[in-house]
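User: I'm new to this one and would like to learn how to read it. Can you walk me through it feature by feature?

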Amino acid sequence: MKIANMVLIGLCGLLAHNEWQEWRSNVNDRIAFADKGVPTASLWQCGLLKQRMAELDEISMQGSPMQRQDMVELRRYLNTQWLSHRCDMALEQG
């Protein structure tokens with residue numbers, strides 16, 4: 001191996017060692033970001049929920065053969081999803 005190659009390998013090793021030492025000394029200097037609260041769903045997700053609610057209302061108006069109890073349970077589920085995703089807040093912010 002030529003001396004120039006050995007010098008380059010030595011320099012790379014020295015730089016890598018210095019970077020590693022700097023990284024090790026900065027591990028405890030991490031920035032802790034404040035909690036931004038409960039994440040909200042995207043407008044797209046809330047829009048899909050709203051669309052499903054509208055479709056369910058349309059089906060119930062048409063006198064679908066779907067049982068009333070099933071519709072009530074499905075509506076309750078969609079409302080629960082709406083509240084758990086905090087879609088009201090997402091729409092206000094969007």
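Analyst: Let's start with a term: a disulfide is a pair of cysteine sulfur atoms within 2.5 Å. Here cysteine 46 and cysteine 87 form one, with their sulfur atoms 2.2 Å apart. By this rule the count comes to 1 disulfide. Before we go on, keep in mind that this is a predicted model, where local features need pLDDT of at least 70 and side-chain atom pairs count only at pLDDT 80 or more, while totals for chains, interfaces and linings use all residues. Residues are numbered from 1 along each chain as its sequence is written, and side-chain values use heavy atoms, with hydrogens and water left out.

User: Are cysteine 46 and cysteine 87 buried or exposed?

Analyst: Buried means under 20% relative accessible area, exposed means over 50%, and partly exposed is in between (1.4 Å probe, protein chains only). Both cysteine 46 and cysteine 87 are buried. Cysteine 12, on the other hand, counts as exposed because its relative accessibility is 53%. Across the protein, buried residues make up 11% of the 94 residues.

User: Which residues make up the largest nonpolar core?

Analyst: The general idea is that in soluble globular proteins, nonpolar side chains tend to be buried together. A nonpolar core is a set of buried Ala, Val, Leu, Ile, Met, Phe, Trp, Tyr and Cys residues joined through side-chain atoms within 4.5 Å. In this model the largest one has 9 residues in all: Cys46, Leu49, Met53, Leu56, Met71, Leu78, Trp82, Cys87 and Ala90. The elements giving two or more residues to this core are helix H2 (43-61), helix H3 (68-84) and helix H4 (87-93). H2 provides the largest share, 4 residues.

User: What is leucine 56 in contact with, leaving aside its neighbours within four places in sequence?

Analyst: Contact means heavy atoms within 4.5 Å. With those neighbours set aside, leucine 56 touches Met71, Leu74, Arg75 and Leu78. For the protein, 63% of the contacts with a separation of 6 or more are between residues 24 or more positions apart.

User: Where is histidine 85 found?

Analyst: Look in the loop between H3 and H4. Histidine 85 counts as partly exposed, because its relative accessibility is 28%. Its C-alpha atom is 8.6 Å from that of glutamine 45, 40 residues apart along the chain.

User: And what about glycine 47: where is it found?

Analyst: Glycine 47 is in helix H2. It counts as partly exposed because its relative accessibility is 34%.
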